[in-house]
Amino acid sequence: MNFSFGLIQKGEGLNLELKREWVQDKNKFLKTVSAFSNTSGGFIVFGVDDKTKEIIPIHENDQSKLIDAIANSISDNTLSSSSTSGQS
């Protein structure tokens with residue numbers, strides 16, 4: 001899917017979630033990741049206000065922090081889920 005301004009202006013849907021910024025409560029984010037992975041997939045776009053569709057630039061210094069936070073949230077959740085799923 002090629003992200004264009006027009007696609008963002010259509011707003012959120014079954015395959016598109018817009019996030020203004022990373023939030024510390026990662027449970028809602030992980031629910032979206034899980035929903036997308038259990039259906040036909042989707043995209044989570046950071047730096048876009050989901051109500052106004054305003055583009056909110058993510059400072060270059062914060063981009064790697066955001067990528068790390070996303071990867072760590074998914075990894076931490078996957079590791080804790082898989083380590084408890086085998087226990088009786």
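Predicted model: local features only at pLDDT ≥ 70, side-chain atom pairs only at ≥ 80, totals over all residues.
Helix H2 has 12 residues and reaches 16 Å from its first C-alpha to its last, which is close to the 16 Å expected at 1.5 Å a residue.

Within H2, the residues Phe 29, Leu 30, Thr 32 and Phe 36 are buried. When the helix is viewed down its axis, these buried residues fall within an arc of 155 degrees, so they line one face of H2. The face of H2 that is turned away from this buried side carries Lys 28 and Lys 31, which are exposed.

A pair of aromatic rings is described by the distance of the centres and the angle of the planes. The count of aromatic pairs in the model comes to 3, and two pairs that involve Trp 22 are set out below.

| Ring pair | Distance of centres | Angle of planes | Kind |
|---|---|---|---|
| Trp 22 and Phe 29 | 5.0 Å | 70 degrees | edge-to-face |
| Trp 22 and Phe 46 | 6.2 Å | 45 degrees | tilted |

Trp 22 lies in the loop between strand E1 (16–19) and helix H2 (26–37), whereas Phe 46 lies in strand E2 (residues 43–46), so their pair ties together parts that are 24 residues apart in sequence.

Technical notes:
Residues numbered from 1 in each chain as written. Heavy atoms only, no water. Phe/Tyr/Trp six-rings, centres within 6.5 Å; stacked < 30°, edge-to-face > 60°. Helix = DSSP H or I, 4+ residues; strand = E, 2+ residues; numbered from the N terminus. Expected span 1.5 Å × (residues − 1). Buried < 20%, exposed > 50% of the residue type's maximum accessible area, 1.4 Å probe, protein only. Arc of directions from axis to C-beta.
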